[in-house]
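Q: Please take one part of this model and look at it closely. Then place it among its surroundings.

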Amino acid sequence: MDPHPVHLTEPDLKSAEVLFKLKNGATKVVRIGDKAIKYGIGVSQREADTMAFVRNHTSIPVPRVYDFYCDEKGHGYIVMDYVEGQNLENRWKHLDGPSKAKIAEQLRRYMEEMRSIPPPSPIYIGGVNHTQADDMRNGHALGGPFASETDFNHWLISRLLPHIRGRTLVMPYLEEQLAAQTAQKRHAIVFTHADFHPRNIMVKGDKVVGWLDWEVAGWFPSHWEFIKAMQPLAKTDWLDYLVVILEEYEDEYILDSVLGMYLQRF
C-alpha cells in the first residue's frame, strides 16, 4: 500500500459519484477524482491486503490500494485506483462472438496465473496473512484456516447442525458424499477469487482492465472457483465461455448445490 495514507472527510464522500451500492446501503463504492473508495460494514483489511497481494504476485489488473482505515463506527474504507471501463455484466450482451472469446481467453490466462500462487503451506485453506476461509452464503461464515480438505468440508456441513437435528438423513449423506469426493479427487489447493462473476470484471472494448471484489478470496480446493462462479448465473451465454475459462467440476457443483439448498432454508 501507499506509504502516504489517504483519509477522506464525510463531505468528500457525500458529494462523490456513487459507482455501486448494496440494496441495504451497507457498502458503497464512490469515485473521487482518480480514486475509488469502497466503504461500509464488512469492508475489511483482509480485502485490501488480498488486493495488494494478488497485484504483487500476478499481472492481473487489480486496482492499486493506497490506504485502508476504519472510522469510529467500525466501518472500513479501502482507497484504490479508479478503473476506467465498463462492467462486463452490463457490456456482455453488446459484444460479438470474437470479442467474447477474446475476453474469455484473457480471463483464462489470468485465472491460470492466479491459481499458480502457492499456499503458505502445502495444505492450507484460508485467506491471505493466515485469515479465515469465508463462505458468503447466508452472510459471511468464517472458519479455519484449515489444514485439510476434510476439515474444510466438515466445517461447511457443521453450519447445518443447529438446524437439522432429527433430520438424520441429511448430515450422513453430505458427510459420506464429501468424504468420497475428497478421497477420489484429491483436489489441489489453489488461490481462488471465489466470486468470479461478470459484475466484478471491468473491460474497455474487448480488453480486461480490472478485476474487482476480492473480499472472500484465498486458497481453496480446486473446484471452489467453479462452484462459486455458478452461483448465480444470469440467463446469457456467459456459461458457454465460463467453461473455457475454468475447468468444470460438475459432481462437486451438484453436491454443493444440495448443501446450499439447505443453508438457504435456515
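A: Of the protein's 266 residues, 48% count as buried. Buried here means under 20% relative accessible area, exposed means over 50%, and partly exposed lies in between, with a 1.4 Å probe and protein chains only. This is a predicted model, in which local features need pLDDT of at least 70 and side-chain atom pairs count only at pLDDT 80 or more, while totals for chains, interfaces and linings use all residues. Residues are numbered from 1 along each chain as its sequence is written, and side-chain values use heavy atoms, leaving out hydrogens and water.

The secondary structure comes to nine helices and twelve strands. These are DSSP runs numbered from the N terminus: helices are H or I with at least four residues, strands are E with at least two. Among contacts between residues at least 6 apart in sequence, 64% join residues at least 24 apart. A contact means heavy atoms within 4.5 Å.

The part to look at is helix α2, residues 45–57.

Which residues of α2 are buried? They are Arg 46, Glu 47, Ala 48, Thr 50, Met 51, Ala 52, Phe 53 and Val 54. An α-helix has 3.6 residues a turn, so residues three or four places apart point the same way. The cover over the buried residues of α2 includes β3 (35–40), β4 (65–70), β5 (76–81), β7 (133–135), β9 (189–192) and β12 (218–221).

Take Met 51 next. Met 51 sits in α2 and counts as buried, because its relative accessibility is 3%. Leaving aside residues up to four places away in sequence, Met 51 touches Val 62, Pro 63, Val 65, Met 80 and Trp 214. The C-alpha atoms of Met 51 and Asp 213 are 8.6 Å apart, although 162 residues separate the two along the chain.

Now the sheet under discussion. α2 lies across β3, β4 and β5, at about 165° to β4. Axes are lines fitted to C-alpha atoms, for helices over the stretch in contact, and angles run from 0 to 180 degrees between N-to-C directions. Strands β3, β4 and β5 belong to an open sheet of five strands, ordered β1-β2-β3-β5-β4 with antiparallel pairing. Its edge strands are β1 (17–21) and β4, each pairing on one side only. Neighbouring strands are turned against each other by 20° on average, direction ignored. Two strands pair if DSSP finds at least two bridges between them. β1 and β2 (residues 27–32) run antiparallel and are joined by four bridges. Val 18 faces Val 30 of β2 across this pairing.

Charges over rings come next. Arg 31 lies over the face of Tyr 82, 3.9 Å from the ring centre. Lys 35 lies over the face of Tyr 66, at 4.6 Å from the ring centre. The test asks for NZ of Lys or CZ of Arg within 6 Å of the ring centre and within 35 degrees of the ring normal.

Back to α2 and its aromatic residue. The structure holds 18 aromatic pairs. The rings of Phe 53 and Phe 191 have centres 5.8 Å apart and planes at 35°, so this pair is tilted. Phe 53 lies in α2 and Phe 191 in strand β9, so the pair ties together parts that are 138 residues apart in sequence. Both Phe 53 and Phe 191 are buried. Rings of Phe, Tyr and Trp (its six-membered ring) pair if their centres lie within 6.5 Å; planes under 30 degrees apart are stacked, over 60 edge-to-face, and the rest tilted.

Trp 214, a contact of Met 51, also belongs to an aromatic cluster with Trp 92, Phe 196, Trp 211, Trp 238 and Tyr 241. Phe 196 is buried, with a relative accessible area of 1%. Trp 238 also counts as buried, at 3% relative accessibility.

Another sheet contains Trp 211. Its three strands are ordered β6-β10-β11, open and antiparallel. The edge strands are β6 (86–87) and β11 (207–211), each pairing on one side only. β10 and β11 pair in the antiparallel sense over four bridges. Trp 211 in β11 is the bridge partner of Ile 201. Helix α4 (residues 97–115) lies across β10 and β11, at about 45° to β11.
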